Amino acid sequence: TATGGIWRATPDGSDPTEIVSNVNYGRGITFDRKRRNIYWVEGAASGVIKRASYTGSSVTLIQTTGLHLYGVDLYYENGVNADPTHIFFTSDTQLRRGTISPSGNSLINLVYRSFVPGQRHIVVDSFGKRVYWAGKGRQFGAGFGSGTDITGSKILSMPIGPNDHSTASITIELSLPDTHEMSGIGLDLSKTCTYAVVADCLDIG
């Protein structure tokens, strides 16, 4: 159904417990290990970003975007032992980046890049200062400044920094035919590998 929740369990899957209820089209989730907070997006028409503690308390609305959101991850500009400084999130047509306010209760300096229609999944490498995203693609949006054809299902990446708006900085990490759709992405920092969950489809739209 549209309304679900966030659940917590032990590493072996036992003792499942719902810690946040009334999550509307919940999708991406990520963790701030220093402050022990959870961030997630809700993909309904309002497209909100929310945060709660590891126990599910102190649910806070961080941002209302008006977009259909899918993925979210945190960026630690000052190292992973410091507080997160930015949040990246994806919609159907954009990848956005926001600076987390000093209070942590809102986003400031919100910027966007129009990337690949149908992008869904995202992971941020704070060590390598790089962001990776995946989805079912057609071409870069006109607002991005390029019509470069990237038909098919792909994982792409770019450095995080002043040139992250340049198409020249984008690297195609993995390319699959149109008959495949990626439904998840992960990054193994110890082996510098990207992993994707792939579903075979007759038509990915």
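Me: Before we start, what counts as a salt bridge here?
Reply: A salt bridge is a side-chain nitrogen of Lys or Arg within 4 Å of a carboxyl oxygen of Asp or Glu, and please keep in mind that this is a predicted model.

Me: OK, so where is Asp 32 found, and which side chain of opposite charge is nearest to it?
Reply: Asp 32 is in strand β3, which covers residues 26-32. Asp 32 is buried, and the nearest side chain of opposite charge is that of Arg 35, 4.7 Å away. Because the cut-off is within 4 Å, Asp 32 has no salt bridge.

Me: Which backbone nitrogens does its side chain reach, then?
Reply: The side chain of Asp 32 reaches the backbone nitrogen of Lys 34 at 3.2 Å, and a polar atom of that side chain also lies 3.3 Å from the backbone nitrogen of Arg 35.

Me: Switching topic: is β9 buried or exposed?
Reply: Seven of the seven residues of β9, residues 94-100, are buried, so the strand is largely enclosed by the rest of the structure. Both faces are covered, with Gln 94, Arg 96, Gly 98 and Ile 100 on one side and Leu 95, Arg 97 and Thr 99 on the other.

Me: How does it pair with β8?
Reply: Strand β8, residues 86-91, pairs with β9 in the antiparallel sense over five bridges, and Phe 88 has Arg 97 in β9 as its bridge partner. The two strands, β8 and β9, form a hairpin with two residues between them.

Definitions and conventions. Residues numbered from 1 in each chain as written. Predicted model: local features only at pLDDT ≥ 70, side-chain atom pairs only at ≥ 80, totals over all residues. Heavy atoms only, no water. Buried < 20%, exposed > 50% of the residue type's maximum accessible area, 1.4 Å probe, protein only. Helix = DSSP H or I, 4+ residues; strand = E, 2+ residues; numbered from the N terminus. Pairing = 2+ DSSP bridges. Lys, Arg positive; Asp, Glu negative; His and termini not counted. Polar contact = N/O pair within 3.5 Å; in protein donor to acceptor, adjacent residues only side chain to side chain.
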